[in-house]
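Please take a look at the structure below. A short briefing follows, grouped by topic.

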Amino acid sequence: MTTVTDPPQGSFRLSMLINDTRYRSYTFQFIALALLIAFMAYLGMNLVRNLAAAGLNISFGFLGEPAGYDINQRPIEYDSQSTHFRAAAVGILNTLIVAFLACVTATIFGVIAGVLRLSNNWVIRKLMSFYVEIFRNIPVLIWIIIIFSIMTVSMPAPRAFRGENPDSSMLFDMFAFTNRGVYTPKPVLDGAAGWIVIAVFIASVIGIFAYRRYATKKLYATGQLLPTFWPSIAMFFVPTILVYFILGRPITLDYPSLQGFNFQGGIQLRGSLIALWFALAIYTGAFIAENVRAGIQAISKGQTEAAASLGLRPGRIMNLVILPQALRVIIPPLISQYLNITKNSSLAIAVGYMDVTATLGGITLNQTGRAIEAILLLMLFYLTISLLISAVMNVYNNSVKLKER
Amino acid sequence: MAVVLCAAPLTPEAFKQSLGALRGRDPLIHYTVYRDGKKIDRPLGVTTQEEVKMKKTAFYGALAVAGLAASTASAATLDDVRERGVLNCGVTTGLVGFASPDANGVWDGFDVGVCRAVAAAVLGDPEAVEFVPTTGKTRFTALASGEIDMLARNTTWTFSRDVDLKFEFVGINYYDGQGFMVPRDLGVSSAKDLDGATVCIQTGTTTELNLADYFRANNISYEPVPIETNAEAQQQYLAGACDVYTTDASGLAATRASFENPGDHVLLPEIVSKEPLGPLVRHGDNDWGDIVRWTLNALIAAEELGVTSANIEELAAAPTGNPEVNRLLGTEGELGAMLGLEADWAKNAIAAGGNYGELFEKNIGENTPIGLARGLNAQWTDGGLLYSPPFR
């Protein structure tokens, strides 16, 4: 007979912090944490002390002073008399613009290339692996410069559009491709009627989603497959166009035209923006293509075969069976790629795109000499924006990941 | 992204100077030891208490987080240069006439001439110069971090650079102003006609601010295209990606001279700013500042006194009738020793590339492709602004 007795619950002794395995790990973790905090505090103290000794201080007062320089791409109102803070804000918006455009485009490139890389067609398959291997193995900075240089050298200058018999002419009289950028028509809203058209358009897009949802529900409930493609197309175009003409065409286009030195009117996509956007998109797209391929290949072939034996066509197999499962594998590395795009956009200065690194971390830093403050702010900005992207993408990831029931 | 947390007991002076140093470079740490202002001679291998402290400094300095070049710029730049045997001189990345490497990779130009003169004065050899190309953005970092001993890179002397960035401008070797260059077929004759034009500018320079001020004062608009180096700006301008290129007028003339058809481009008459260009050194080493300052003054004074590279050997051989020439060339007085240099320092400096006038004529003068007139840069006796303080 054995009697199981609990080990004696002796009172806690200090020596147990070292000798008792239950507490030892806490002890070491606590020591490590304390040392880390002490080290950081030492660095911080030292910075403050040295700055004080040098007669300098950490002050963000410069943010309120006039910047004195101009910025070409201004999403918000800005002139040389605006503050350094506003210049930084313009830079932040420019960073966000290029990051957003590049994320969207890179995803499209990546998904297409990733799926096509698994194509049964030899030419397409090889073409896509060529794309992936070429673009991800050359540094993105080189791509930015290559695209920018090609644009500068190969596209005509605005003055080539001038004269009786110009060397270049605009595409459909709407688009001008110059080495300063691409000019496109700009929609101009004519009062409230214009907004009504936009509202109708948004409502019809929502309607399309609602209809598709209804169709899926019906499919699951009754097995009856409603057509979705043509109704969607009709809902997309018909109401908006009808309202547009009923209200007397309240949206007009402002066409770019050559006036003085440059094209005026319309929307100008500057060469620097295009180069940066396109370079980031094709470069990161190559990585995303690999993520997509990995995601698809992670789904066992049995799934495809099972779906095929149920009579699904290849397109539906991909859309209904493979991709929804593959997304679970694709999303987490995709988050990293989005973060990379945002951070790589700081290479903008190579082509003179005025992102936050070029305004706050470049000209402002140079003109005020406030290096520490400017860099701290930059770090804060990139950290915040990266964490935000990460948070949003993780929410999405939670919605597609395997639900354990 | 560089993190600017500087660990440790760097001296305040050194810290101040490394503030701008965001481009990571190896920390240059010097062990020159001073006690009560006197240099301590120490046998090799013997470690004094101060040195232990210095080594700790070196260690902590190396800890400087992620990329800040933690440099303790030693107070004695002169000793460093002598020990190294080479003067590290910051110049442009390439501006014909002012500083550019020739076909054999040998640097030549007006600013290069100043570097060579200082090297000749300090080391006795005008070839003992390591030229470090810098951009408008990197130049101050390079100087503050101790990577270069002096900067001779058509840099404008301004209040904030002198006071706030902690540099010492030792003089002016070119009185310049900001101008505009446009293609001739644009048909523009005045900068006031540039409303709506696209303007290429070098970023991180005073031109950026002058440009904004000028266009605002004249109530006209423009689109800035920020560019890092002169070469890139040239490429953009020639491709027509910008209508106008603006920088210092001398730089424009030099850039235009390197074009295939210089005649197709015109400089507009407006000069929109004062740009006194000169060599500069770090704050805090006044002895070194004196050496660079008086080398420049020696070149200017030599022209005024008629000392040229042709007659210098003859004039320096024996005392002449002019006491100031004698003092300058070291045949009379102890001016060299006061600077801590040899007696013939100025003679070497002048012999390196000639006096100021010779340097000007050879590199950027009217008989060169750049073709700049002396203008404000003539001697005060000829109605210009060059006026060297007396050697006495």
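Which residues of chain B does UniProt give the feature "domain: Solute-binding protein family 3/N-terminal"? The unreviewed entry places this feature at residues 86–315 of chain B. UniProt positions are given in the numbering used here, feature names are shortened, and annotations may be inferred rather than shown by experiment.

This is a predicted model: local features need pLDDT of at least 70, side-chain atom pairs count only at pLDDT 80 or more, and totals for chains, interfaces and linings use all residues. Residues are numbered from 1 along each chain as its sequence is written, while chains are lettered from A and ligands numbered from 1 in the order in which they are written.

**Chain B overall**

- Chain B has 15 helices and 16 strands. Helices (H or I, at least four residues) and strands (E, at least two) are DSSP runs, numbered from the N terminus.
- Of its 392 residues, 53% count as buried. A residue is buried if 20 or more other C-beta atoms lie within 10 Å of its own, exposed if 12 or fewer, and partly exposed in between; C-beta atoms are placed from the backbone.
- Take the contacts in chain B between residues at least 6 apart in sequence: 74% of them join residues at least 24 apart. Two residues are in contact if their C-beta atoms, placed from the backbone, lie within 7 Å.
- Residues 86–315 of chain B are 34% helix and 24% strand. The end C-alpha atoms of this span are 28 Å apart.

**Domains of chain B**

- Chain B is divided into domain 1 (1–75), domain 2 (76–177 + 274–363 + 370–392) and domain 3 (178–272). These bounds come from an automatic or database domain assignment.
- The centres of domain 2 and domain 3 of chain B, taken over C-alpha atoms, are 29 Å apart.
- In chain B, 21 residues of domain 2 are in contact with 20 residues of domain 3.
- On the domain 2 side of this contact, β9 (174–176) and β15 (275–277) of chain B each supply at least two residues.
- The residues on that side divide into seven nonpolar, eleven polar and three charged. Ala, Val, Leu, Ile, Met, Phe, Trp, Tyr, Cys and Pro count as nonpolar, Asp, Glu, Lys and Arg as charged, and the others, Gly among them, as polar.

**A residue in β15**

- Leu277(B) lies in strand β15 of chain B. Leu277(B) counts as buried because it has 23 C-beta neighbours inside 10 Å.
- Leu277(B) and Asn173(B) are 104 residues apart in sequence, yet 6.1 Å apart in space, C-alpha to C-alpha.
- Residues up to four places away in sequence aside, Leu277(B) touches several others, among them Asn154(B), Ile172(B), Tyr174(B) and Asp248(B).

**A loop residue**

- Asn219(B) lies in the loop between α7 (206–217) and β12 (222–227) of chain B.
- Asn219(B) is exposed, with 8 other C-beta atoms within 10 Å.
- Phi of Asn219(B) is near 55 degrees, a positive value in a residue other than glycine.

**Two crossing helices**

- In α10(B), Leu299(B), Ile300(B) and Glu303(B) meet Tyr356(B), Gly357(B) and Leu359(B) of α15(B).
- The residues of this contact divide into four nonpolar, one polar and one charged.

**Chain A**

- The UniProt annotation "transmembrane region", from an unreviewed entry, covers several spans of chain A, including residues 89–116 and 137–157.
- Residues 89–116 of chain A are 100% helix and 0% strand, with end C-alpha atoms 40 Å apart.
- Residues 137–157 of chain A are 71% helix and 0% strand, with end C-alpha atoms 32 Å apart.
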